Amino acid sequence: MLASEVLEQERVIAVIRADHVSDAAALCAAFVGAGIRCLEITLTVANALDVIGELADRDDCVVGAGTVTTEREAADAMAAGARFLVSPVAEARVVRAGVTAETAVIAGALTPTEVVHAAELGAAAVKIFPARIGGPRYVEDLRGPFPDLRLVPSGGVDAGNAAAYLAAGAFAVATGSSVAPPELVESGDWAEIGRRAEAFVASVATFRQPSGARVP
């Protein structure tokens, strides 16, 4: 199953941004146990490629690379096993690298012009970042002229507003520090991360179509 297909069913990406991930398997287990299977490991994590490599062969989650801004980073992430790439910008070389390798790219944009540019480059979805600037209403407004584009708000998305973004027409939502604060990732407090992830999943339950634990 493609990463985009899993995301279409489950509607949630957990974004991991910390100085270091001490235990990739435990991190994955915390999220999978809570019902989140799409994990974005940002390349700002010191051992990001190692974490991606460790999770790439698991059949219970889909791991991708985040904060990908150069063609070299895209190549390294895909070589490590990333099944999707996420960028805060619409960088043509990053999108092209993903498209060539048949790896889904979620390219970043904010304005309508940037959103169209990202889609025209071939991005599988467009990351609306930082989403907190416009909130769910902005996603709804973008859906007016662009009803067929897959929009993924990121930046300020939490259990209190995630459902509103999905109700506004977002394809999926990406949540980071609200479920996985860097200090909890670095200290390995997997129980608290799991609790936060469960609360997030519960907040968007009516919008999800989970397909089970295994990811072909």
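How many nonpolar, polar and charged residues does the lining of the largest cavity have? By class, that lining has 10 nonpolar, one polar and one charged residues, where Ala, Val, Leu, Ile, Met, Phe, Trp, Tyr, Cys and Pro count as nonpolar, Asp, Glu, Lys and Arg as charged, and the others, Gly among them, as polar.

The structure is a predicted model, in which local features need pLDDT of at least 70 and side-chain atom pairs count only at pLDDT 80 or more, while totals for chains, interfaces and linings use all residues. Residues are numbered from 1 along each chain as its sequence is written, and side-chain values use heavy atoms, with hydrogens and water left out.

**Cavities and pocket**

On a 1 Å grid over the protein atoms alone, a cavity is a set of points where a 1.4 Å probe fits but cannot get out, whereas a pocket is an open set with protein on both sides within 12 Å along at least five of seven lines, and lining residues have an atom within 4 Å of a point. Grid points are joined across faces, edges and corners, and a volume is the space filled by probe spheres set on the points. By this rule there are two cavities of 30 Å³ or more.

| Space | Volume | Lining by class |
|---|---|---|
| Largest pocket | about 340 Å³ | seven nonpolar, eight polar, five charged |
| Largest cavity | about 80 Å³ | 10 nonpolar, one polar, one charged |
| Second largest cavity | about 30 Å³ | five nonpolar, one polar, two charged |

The residues that line the largest cavity include Leu7, Cys38, Phe84, Arg150 and Phe171. Two or more of its lining residues come from each of α1 (3-10) and β5 (104-109), these elements being DSSP runs numbered from the N terminus (helices H or I, at least four residues; strands E, at least two). The largest share, three residues, comes from α1.

Among the residues lining the second largest cavity are Glu40, Lys127, Ser154 and Ala174. The charged end of Lys127 also sits over the ring of Phe129, 4.7 Å from its centre, the rule being that NZ of Lys or CZ of Arg is within 6 Å of the ring centre and within 35 degrees of the ring normal.

The largest pocket is lined by 20 residues, and Val15, Arg17, Gly155, Gly176 and Ser177 lie nearest its centre.

**Helix packing**

Helix α3 (residues 48-56) and helix α4 (residues 71-80) have axes that come within 8 Å and cross at roughly 35°, with axes fitted as lines to C-alpha atoms, for helices over the stretch in contact, and angles running from 0 to 180 degrees between N-to-C directions. Leu49, Ile52, Gly53 and Ala56 in α3 meet Asp76, Ala77 and Ala80 in α4, contact meaning heavy atoms within 4.5 Å.
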